[in-house]
Amino acid sequence: LMHGYGGNAKSHSKKGDFSTEISVVYLDAPYEIIPLSSRKKWYDFKIENGDTTSNQNQIKESIQLVLNTIKNVIKENEIKSKHVYIGGHSQGGIISYKIALTNPEFFKGFIISSGRLPVEYTVKNDLSQYQNKKALIIHGKNDSVLELKYSSAGKNLMEKLGIETDYV
């Protein structure tokens, strides 16, 4: 699970208890918002004239770090990828979308909380790679940061790709 812009793994991990049958790995974003602070981000972004631009180099680096961590956890714990979910809140959800869409072979599914599709993303040409995957998309009706239309766009894409989607 990945935190949102300004959060960190420690604050995110206090959000819930899971059964002993589930292992949860909380990841810290690699970039600090303020030097020497615990406030982290996965990448820089700007919103100008209603349009969002994102630092694609930072996104690529964050994704590579997350994928390397996932690969190590899978290997060290002898986990089958059919049991792995990726997820995140807000900016962590955006990174989760990006990773899950480009690397569906690693995951059974993903969880997005108050997130949106990345500004730039691609999907596999072979849509069968998304079959038998699951998505849980959660978004508050009164979210003051991201409008509900962003999560609806994610829901619509997941359904188009054939991903079993629960939308709350």
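Reader: How many cavities of 30 Å³ or more does the count come to?
Author: This is a predicted model. The count comes to 2 cavities of 30 Å³ or more.

Reader: What volume does the largest cavity have?
Author: About 50 Å³.

Reader: Which residues line the largest cavity?
Author: Ala 100, Pro 104, Phe 107, Lys 108, Gly 109, Phe 110, Tyr 130, Lys 133 and Ile 163. By class, that lining has 6 nonpolar, 1 polar and 2 charged residues.

Reader: And the second largest cavity, what volume does it have?
Author: About 30 Å³. Its lining includes Tyr 43, Ser 54, Gln 56 and Glu 120. Ile 59, Ile 94 and Lys 98 are also among the lining residues.

Reader: Which elements give two or more residues to that lining?
Author: Helices α2 (56-76) and α3 (91-102) do.

Reader: How does the lining of the second largest cavity divide by class?
Author: Into 5 nonpolar, 2 polar and 2 charged residues.

Reader: Switching to pockets. How much space lies in the second largest pocket?
Author: About 490 Å³. The pocket is lined by 22 residues.

Reader: Which of those lie nearest its centre?
Author: Phe 45, Ile 47, Arg 116, Val 145 and Leu 146.

Reader: Which elements give two or more residues there?
Author: Strands β3 (45-48) and β4 (51-54), plus helix α3. The largest share, 3 residues, comes from β4.

Reader: What classes make up that pocket lining?
Author: The lining of the second largest pocket has 11 nonpolar, 7 polar and 4 charged residues.

How values were computed:
Residues are numbered from 1 along each chain as its sequence is written. This is a predicted model: local features need pLDDT of at least 70, side-chain atom pairs count only at pLDDT 80 or more; totals for chains, interfaces and linings use all residues. Side-chain values use heavy atoms; hydrogens and water are left out. On a 1 Å grid over the protein atoms alone, a cavity is a set of points where a 1.4 Å probe fits but cannot get out, and a pocket is an open set with protein on both sides within 12 Å along at least five of seven lines; lining residues have an atom within 4 Å of a point. Grid points are joined across faces, edges and corners, and a volume is the space filled by probe spheres set on the points. Ala, Val, Leu, Ile, Met, Phe, Trp, Tyr, Cys and Pro count as nonpolar, Asp, Glu, Lys and Arg as charged, and the others, Gly among them, as polar. Helices (H or I, at least four residues) and strands (E, at least two) are DSSP runs, numbered from the N terminus.
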